[in-house]
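Subject: Structure for you to look at

Hello,

Here is the structure I said I would pass on.

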Amino acid sequence: MHPHLEDYALIGDLQTAALVSRKGSIDWLCLPRFDSAACFAALIGGKDNGHWRLAPKSSDARPQRSYRGHSLVLDTVWETPTGSVKVTDFMPQRDRMPDVVRIVEGLRGRVEMHGVLRLRFDYGRVVPWVRHHQGCRVAIAGPDSVWLRTPHECRTYGKDFSTRSEFTVAAGERTAFVLTWHPSHEPRPRQVDPFESLDATLEDWHAWSGRCRYNGPHRNAVIRSLITLKALTYAPTGGIVAAPTTSLPEELGGVRNWDYRYCWLRDASLTLNSLISAGYLEEAGAWRDWLLRAVAGAPEDLQIMYGLAGERRLPEFELPWLTGYAASAPVRIGNAAVEQCQLDVYGEVLDSFHIARTAGLPSEPHAWNIQRALVDYLESTWRDPDEGLWEIRGPRRHFVHSKVMAWVAADRAIRAVEAYPKLRGNVERWRAMRSDIHREVCERGYDAERGTFTQSYGSVELDAATLLIPRVGFLPAGDPRVTGTIETVRRELSLPHSLKGMGGTPIGLVRRYSTEGRSVDGLPGGEGAFLVCSFWLADALAMIGRRDEARALFERLLALRNDVGLLSEEYDPAARRQLGNFPQAFSHIGLVGTAFGLLDGPGAD
């Protein structure tokens with residue numbers, strides 16, 4: 001049985017991240033980057049696919065965990081019949097090579113501790129050769145080498161192709177384990193001092209989180225979400241991964257399992273808004289610069305996602321030796337959606353640069369040339385069908401959200417030229433394109449009988465992405481077509497087990513779109529509520545003046561976070577558990593955006 005996703009906490013060093021279970025087991029870690037092969041893959045396989053557990057030997061031990069202040073340093077306090085002990089897990093922001101540090105501190109009495117380190121390189125498939133060298137255990141296989149530094153007082157031995165550790169810690173004693181990765185052809189890296197690294201890591205995180213400009217009633221939740229976004233940032237390039245995991249299912253036992261360890265353009269403008277609103281202009285600038293490098297090239301070659309440094313080739317394949325989380329197979333590496341056509345990304349890119357300009361971020365001289373080329377190309381392609389925001393693996397359609405974002409691209413280009421006369425462009429043609437898109441969407445994408453925008457032209461299906469129509473300025477929030485869409489999406493896309501609000505109206509969790517019957521995405525099975533869409537619903541309710549309902553939904557969403565404040569991609573209200581890749585940047589971006597939105601306007605928090 002795999003632990004629930006809620007049982008995991010995140011640690012990381014701004015280049016990769018690990019998931020630590022409530023039972024003290026690191027079940028997921030890719031080294032040296034987010035998108036590298038995992039050396040601990042128990043999360044999507046079994047214990048034989050790699051993990052590192054460090055916990056009291058007693059079966060009666062009970063854990064209580066929390067992050068230390070506003071940091072990514074995880075403390076787990078274990079209460080046992082003979083005493084209590086604290087295990088502190090973290091990854092120092094690296095000099096060159098990644099380290100995982102686990103510090104054990106006795107708090108009361110004496111506690112027997114037990115550790116099991118089972119390294120399995122290449123996503124749990126390769127058993128390394130382990131030897132003793134210079135007082136450490138060294139595991140080597142192919143390009144990978146890991147050094148485990150253990151305390152002198154710890155008994156360490158090999159058993160069942162794993163490294164076992166046994167020791168006793170008394171009140172006031174403190175000891176540490178350090179695991180370090182490096183390329184196997186290189187010499188042993190410099191050793192870090194675990195206790196100095198702890199102090200430096202705490203200082204770094206507290207200094208960073210102290211810059212947050214949000215001072216509303218949900219400050220702790222907002223800061224935890226921002227720390228999570230920072231943790232999902234690949235520091236060398238500024239790219240932000242959608243999640244640090246692959247193939248955590250959208251339906252338990254299902255096939256909707258995807259690799260999210262890449263950077264999506266769909267997240268671009270919302271990410272920038274969140275970072276800028278919170279005062280993190282340096283991170284916003286790094287993300288904008290990553291975006292500028294990634295999209296450079298021919299406009300027709302624009303992709304929906306890229307690698308951490310802007311890599312374009314992300315081939316998808318399956319790992320048959322992994323059984324999947326909760327028997328949800330296949331496990332996929334790479335993402336074939338990279339080959340899809342999604343017209344919305346042009347709007348995301350142009351909107352992102354518009355947000356950056358408005359915030360006063362310094363502009364690169366060639367940035368406008370790229371934007372102008374993208375809009376000129378879109379002029380000849382916006383009428384084409386595409387796969388849409390949700391990466392539909394079915395026939396291409398005329399998705400309403402895609403057309404709306406094409407309108408956004410034209411609108412932001414026009415506004416740029418109007419605000420900055422030195423910028424050149426085909427403004428009259430762009431105005432004509434903007435008008436044509438608006439007219440077509442309102443004529444072909446709106447169901448007048450039901451009073452709602454639909455998922456695609458001529459369809460009856462709904463799409464939660466249409467909740468963004470007032471946010472991007474396509475129509476004002478008070479337009480009856482907007483209010484009708486909000487009501488219809490909330491009524492028809494809410495999951496059956498969502499909470500009810502005034503008069504029995506659903507205020508709960510919404511799906512992206514319907515997966516029942518003849519699903520538009522061409523995949524079997526269903527999925528849970530998509531959390532960022534539920535935050536969008538809260539935003540939309542606030543925009544039309546129904547702030548009490550927006551607050552109620554926001555509070556409901558906050559209650560879905562786990563004990564350390566993390567959210568996955570989706571939530572199943574019937575099973576009462578999180579689903580999908582974890583933790584999910586999009587969900588935390590939504591949380592930050594809604595928190596700031598509720599601070600503004602009449603009846604603000």
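A residue counts as buried when its relative accessible area is under 20%, and as exposed when that area is over 50%. Please keep in mind that this is a predicted model.

Cysteines

How many disulfides does the structure hold? The count is 0. Cys-39 takes part in no disulfide, and the nearest cysteine sulfur to Cys-39 belongs to Cys-30, 7.7 Å away. A disulfide would need the two sulfur atoms within 2.5 Å. Cys-39 has a relative accessibility of 2%, so Cys-39 counts as buried, the cut-off being under 20%. Cys-263 is also in no disulfide; for Cys-263 too the nearest cysteine sulfur is that of Cys-30, here at 14 Å. Cys-263 has a relative accessible area of 0% and is therefore buried.

Aromatic rings

The model contains 15 aromatic pairs. One of them joins Tyr-446 and Phe-453, with the ring centres 5.1 Å apart and the planes at 65 degrees, which makes the pair edge-to-face. Phe-453 of that pair is buried, at 0% relative accessible area. Elsewhere in the list, Trp-390, Phe-530, Trp-536 and Phe-586 are linked by ring pairs into a cluster.

Charges over rings

Two arginines are worth a line here. Arg-102 lies over the face of Trp-52, 5.0 Å from the ring centre. Arg-155 has its charged end over the ring of Tyr-157, at 4.3 Å from the centre of that ring.

Regards

Methods:
Residues are numbered from 1 along each chain as its sequence is written. This is a predicted model: local features need pLDDT of at least 70, side-chain atom pairs count only at pLDDT 80 or more; totals for chains, interfaces and linings use all residues. Side-chain values use heavy atoms; hydrogens and water are left out. Buried means under 20% relative accessible area, exposed over 50%, partly exposed in between (1.4 Å probe, protein chains only). Rings of Phe, Tyr and Trp (its six-membered ring) pair if their centres lie within 6.5 Å; planes under 30 degrees apart count as stacked, over 60 as edge-to-face and the rest as tilted. A charge sits over a ring if NZ of Lys or CZ of Arg is within 6 Å of the ring centre and within 35 degrees of the ring normal.
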